[in-house]
Amino acid sequence: MKINFKITRKWVKKFMLMIVSVTIMGFAVSLLVLADMGTDPCSAMNYGVSKKIGMSFGTYQLMLNAILLVFVLIYDRSLIGTGTIGNMVIVGYTADFFSHIWRDICHIPAILPLGVRIGILVPTLIVFVTAAACYMNSGCGMAPYDAVPFIINAKLEKVLNKKNLFKFVRFFFDLFAMSIGIITKGEAGLITALMVISLGPAVAYVGDTFKKRGFLS
């Protein structure tokens, strides 16, 4: 099969947007852990399981996404791109790197006053959602964890002959991840629960806003 691929200025722009976005997401995850009020559902689950089996967060996240990648390759390869690999590798290891900075170099205590935690949390949530919106709208593909709900939704809508089920599929997918995070005592908390409900719509809103202003064109 012949593959026609050219490295254009537009492709480079999207690729750099993806790289910067997933790096910022990893940075934001490390700050969410510092705030100790929960992370996104996927990270909450992966932190819990990785601690249980004695593996770094970045390595376990890469391993889990590699397993999910096989599922995505079988059912919908169109969801795969450079952003898939970028998210699989960069987010987890960037979070590990900055967690090391906070803990071992800056010597920030594990338990912070509530006011400080809230002060970290609010801007970090804004940064995380904005970075996630840019990554998901970069057109470079998505992480296997994010791709699986799209595949499940497509199959479910076909079987049930109904449309607009994605928000429900994504809700229960994230709810399942959060439940594992709670069971394994991962980074699950109030913010995790809020993200289960609102992360999808928030990312969509930020993405649409950026597109209208030409930031993602």
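Biologist: In helix 2, what is the distance from the first C-alpha to the last?

Modeller: Happy to start there, with the reminder that this is a predicted model. Helix 2 has twelve residues, and at 1.5 Å a residue the expected span is 16 Å. The model comes close to that, with a reach of 17 Å.

Biologist: How many of the twelve residues of helix 2 are buried?

Modeller: The buried set runs through Pro-41, Cys-42, Ser-43, Ala-44, Met-45, Asn-46, Tyr-47, Gly-48, Val-49 and Ser-50. Helix 2 is therefore largely enclosed by the rest of the structure, and the number of buried residues is ten.

Biologist: Which residue just after helix 2 takes a positive phi?

Modeller: The phi angle in question is about 70°. The residue that takes it, just after helix 2, is Gly-54.

Biologist: Then which side chain joins that of Asp-40 in a polar contact of 2.7 Å?

Modeller: Not counting residues up to four places away in sequence, Asp-40 touches Val-29, Phe-128, Thr-192 and Met-195. The polar contact of 2.7 Å, however, joins the side chain of Asp-40 to that of Ser-43.

Biologist: Which residues are linked with Arg-170 in a network of salt bridges?

Modeller: Arg-170 and Asp-174 meet through their side chains at 3.0 Å, N to O. Because they are four residues apart in helix 7, about one helical turn separates them, and both are buried. The network linked with Arg-170 consists of Asp-146 and Asp-174.

Biologist: How many salt bridges does the count come to?

Modeller: One of them joins Arg-103 and Asp-104, with the closest N and O atoms 3.4 Å apart. In that pair Arg-103 is partly exposed at 48% relative accessible area, and Asp-104 is partly exposed too, at 37%. The count of salt bridges comes to four.

Biologist: With which residue does Glu-187 meet in a salt bridge?

Modeller: Glu-187 counts as buried, at 12% relative accessibility. Its partner is in helix 2, 136 residues apart, whereas Glu-187 is in the loop between helix 7 and helix 8, so to speak a link between distant parts of the chain. The N to O distance is 3.2 Å, and the partner is Lys-51.

Biologist: Now for Glu-157: how far away is the nearest side chain of opposite charge?

Modeller: Glu-157 lies in helix 6. Leaving aside neighbours within four places in sequence, Glu-157 is in contact with Lys-162, Lys-163, Asn-164, Leu-165 and Phe-166. Glu-157 is buried yet has no salt bridge, and the nearest side chain of opposite charge, Lys-163, is at 4.6 Å.

Biologist: Which helices do the buried residues of helix 4 pack against?

Modeller: The buried residues include Gly-83, Asn-87, Val-91, Ala-95 and Trp-102. Phe-97, also in helix 4, counts as partly exposed at 46% relative accessibility. The packing partners of the buried residues are helix 1, helix 2, helix 3, helix 5 and helix 6.

Conventions
Residues numbered from 1 in each chain as written. Predicted model: local features only at pLDDT ≥ 70, side-chain atom pairs only at ≥ 80, totals over all residues. Heavy atoms only, no water. Buried < 20%, exposed > 50% of the residue type's maximum accessible area, 1.4 Å probe, protein only. Helix = DSSP H or I, 4+ residues; strand = E, 2+ residues; numbered from the N terminus. Contact = heavy atoms within 4.5 Å. Lys, Arg positive; Asp, Glu negative; His and termini not counted. Expected span 1.5 Å × (residues − 1). Polar contact = N/O pair within 3.5 Å; in protein donor to acceptor, adjacent residues only side chain to side chain.
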